[in-house]
Amino acid sequence: MEVFEGHRPRLQQVAYRMLGRVADAEDVVQDAWLRWSAADRAEVREPGAYLVRITTRLAIDRLRQAQARRESYVGPWLPEPLPTDHLAPGGAPDTAERAVFAETVTLAVLVVMESLSPLERAVFVLREAFGYPYAEIAAVLERSEAAVRQLAGRARRHMDDRTPRYDVDPERQRELTDRFMAAASGGDLAGLLALLAADARLVGDSGGKAKAPLRVMESADKIARFLVAVTANSPAGLEYRHLELNGGIALLVHTGGTPYAVFQLGIRDGRIHTVYILRNPDKLSSLGPQTPPAAPGTPASPA
C-alpha cells in the first residue's frame with residue numbers, strides 16, 4: 001500500500017491528462033491499484049515504471065470508450081477543471097519545472113489533445129509532461145521505439161499547429177478576469193467590447209444539463225451582447241472566488257457554497273481571445289462546496 005500511495009499523485013496526473021476528467025482518472029488509478037494488489041511483487045523490479053505502464057494502458061482503453069460517448073455529447077466539450085496551485089512533478093510549487101509541467105494541462109492543450117488518437121495522446125503525455133525517454137514509452141505501449149518516435153512527431157506537429165498561444169502572467173490574467181466579470185455583471189457592453197479581441201470565441205460546456213451556448217460563439221460583438229443579455233437574468237446571491245485551475249487563473253462562481261460555473265479566459269496581447277465557461281454540474285462537483293471569503297469586486301453573473 002505504501003509503495004502504491006507514493007506513486008499515486010503521478011498516476012493521477014497521467015490519467016487526468018489522458019482523459020480530461022477527474023472522476024475517470026480516479027477510476028483508472030483505482031483499477032491500477034487492483035492490478036497492483038494482485039501482482040507478484042517479487043517480480044516487479046521497478047514499481048514506478050510498472051504502475052505507469054498499467055495506468056497508461058487502462059487510460060487508453062477508457063479513452064477509446066470515452067471518445068465514442070463524446071460523439072453524442074450535447075454542445076462543446078471542455079475538460080473537467082483541475083486545481084493546479086500545488087501541481088508539480090515532485091510536488092514543489094513555483095518552479096520553472098512546474099510551469100513547463102502545467103502547460104500540458106491547460107484547457108487549450110487538453111481540448112486539442114481530444115483530436116489525437118489514444119496512442120498519440122499517450123505518447124504526448126508521457127513525453128511532453130513527464131519527460132519519459134522514447135525507449136520507456138515504447139515499453140509502456142508495447143511498440144517499437146521507431147514507432148513511438150513517429151507517434152510523438154505526429155502528435156507534436158498536431159499540437160503545435162492547433163493549440164492557441166495565450167499569455168500566462170497570473171497577475172495580468174487576474175486583472176483582465178476581474179475587469180471582464182465586472183463589465184459582464186454590470187451590463188457594460190462597451191466595456192466588454194474593449195476587452196475582447198475582434199475574433200474572440202466563447203466556448204460553453206453544459207453537457208445539456210445547464211444553460212450555455214450549444215455551439216462555439218464567435219466575434220466580440222456576439223459574445224458581448226450574449227453576456228449582457230444572460231447576466232440580466234442571473235440568479236441572485238452569486239459569489240465568486242479566484243482559483244488556479246489547469247495552470248491558469250479562473251473564477252469559480254458559486255451560490256450558497258454550491259459550484260455554479262467556472263470562467264477562464266484565454267488572453268493574448270492584452271485582449272481576451274477565448275472565453276471558457278463550464279456549466280456542466282457533473283464536471284463542477286469535484287470542486288466541492290465553497291466557503292468565504294469571496295474575491296473582492298462585483299459578484300459574478302455567469303452565462
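This is a predicted model: local features need pLDDT of at least 70, side-chain atom pairs count only at pLDDT 80 or more; totals for chains, interfaces and linings use all residues.
A charge sits over a ring if NZ of Lys or CZ of Arg is within 6 Å of the ring centre and within 35 degrees of the ring normal. Arg279 meets that description, lying over the face of Tyr260 at 4.2 Å from the ring centre.

**The nonpolar cores**

- The largest nonpolar core has 50 residues, and Phe4, Met18, Met113 and Leu141 are those with the most contacts inside it.
- Two or more residues come from each of α1 (2–19), α2 (22–38), α3, α5, α6, α7 and α8.
- Helix α3 gives the most to this core, with eight residues.
- Apart from this core lies another, of 27 residues, which includes Ala184, Leu202, Leu227 and Leu251.
- As general background, nonpolar side chains tend to be buried together in soluble globular proteins.

**Helix α8, side by side**

- Helix α8 covers residues 145–162, and its 18 residues reach 26 Å from the first C-alpha to the last, close to the 26 Å expected at 1.5 Å a residue.
- The buried residues in α8 are Val148, Leu151, Ala152, Ala155, His158 and Met159.
- These residues are on the same side of α8 because they cover an arc of only 135° around the axis.
- On the other side of α8 you will find Ala146, Gln150, Arg157 and Asp161, which are exposed.
- What do the buried residues of α8 pack against? Their partners are α5 (107–113), α6 (118–129) and α7 (134–141).

**Thr55 in helix α3**

- Thr55 is part of helix α3, which runs through residues 47–70.
- Is Thr55 buried or exposed? With a relative accessibility of 0%, Thr55 counts as buried, because the cut-off for that label is under 20%.
- Setting aside neighbours within four places in sequence, Thr55 is in contact with Leu11, Ala15, Val28 and Ala32.

**Aromatic pairs**

- Four aromatic pairs are found in the structure.
- One of them joins Trp36 and Tyr50, a tilted pair at 5.9 Å centre to centre with 55° between the planes.
- This pair links distant parts of the chain, as Trp36 is in helix α2 and Tyr50 is in helix α3, 14 residues apart.
- Trp36 is buried at a relative accessible area of 3%, and Tyr50 also counts as buried, at 18% relative accessibility.
- Phe130 and Tyr132 have ring centres 6.4 Å apart and planes at 50°, so this pair is tilted.
- Phe130 is buried, with a relative accessible area of 12%.

**Around Tyr132 and Arg127**

- Tyr132 sits in the loop between α6 and α7, and counts as buried at 14% relative accessibility.
- Beyond its neighbours within four places in sequence, Tyr132 is in contact with Arg10, Val52, Leu126, Arg127 and Ile137.
- Tyr132 and Arg53 are 79 residues apart in sequence, and their C-alpha atoms are 12 Å apart in space.
- Arg127, one of the contacts of Tyr132, has its charged end over the ring of Tyr134, 4.1 Å from the ring centre.

Technical notes
Residues are numbered from 1 along each chain as its sequence is written. Side-chain values use heavy atoms; hydrogens and water are left out. Helices (H or I, at least four residues) and strands (E, at least two) are DSSP runs, numbered from the N terminus. The expected span of a helix is 1.5 Å times one less than its number of residues. Buried means under 20% relative accessible area, exposed over 50%, partly exposed in between (1.4 Å probe, protein chains only). The arc is that of the directions from the helix axis to the C-beta atoms. Contact means heavy atoms within 4.5 Å. A nonpolar core is a set of buried Ala, Val, Leu, Ile, Met, Phe, Trp, Tyr and Cys residues joined through side-chain atoms within 4.5 Å. Rings of Phe, Tyr and Trp (its six-membered ring) pair if their centres lie within 6.5 Å; planes under 30 degrees apart count as stacked, over 60 as edge-to-face and the rest as tilted.
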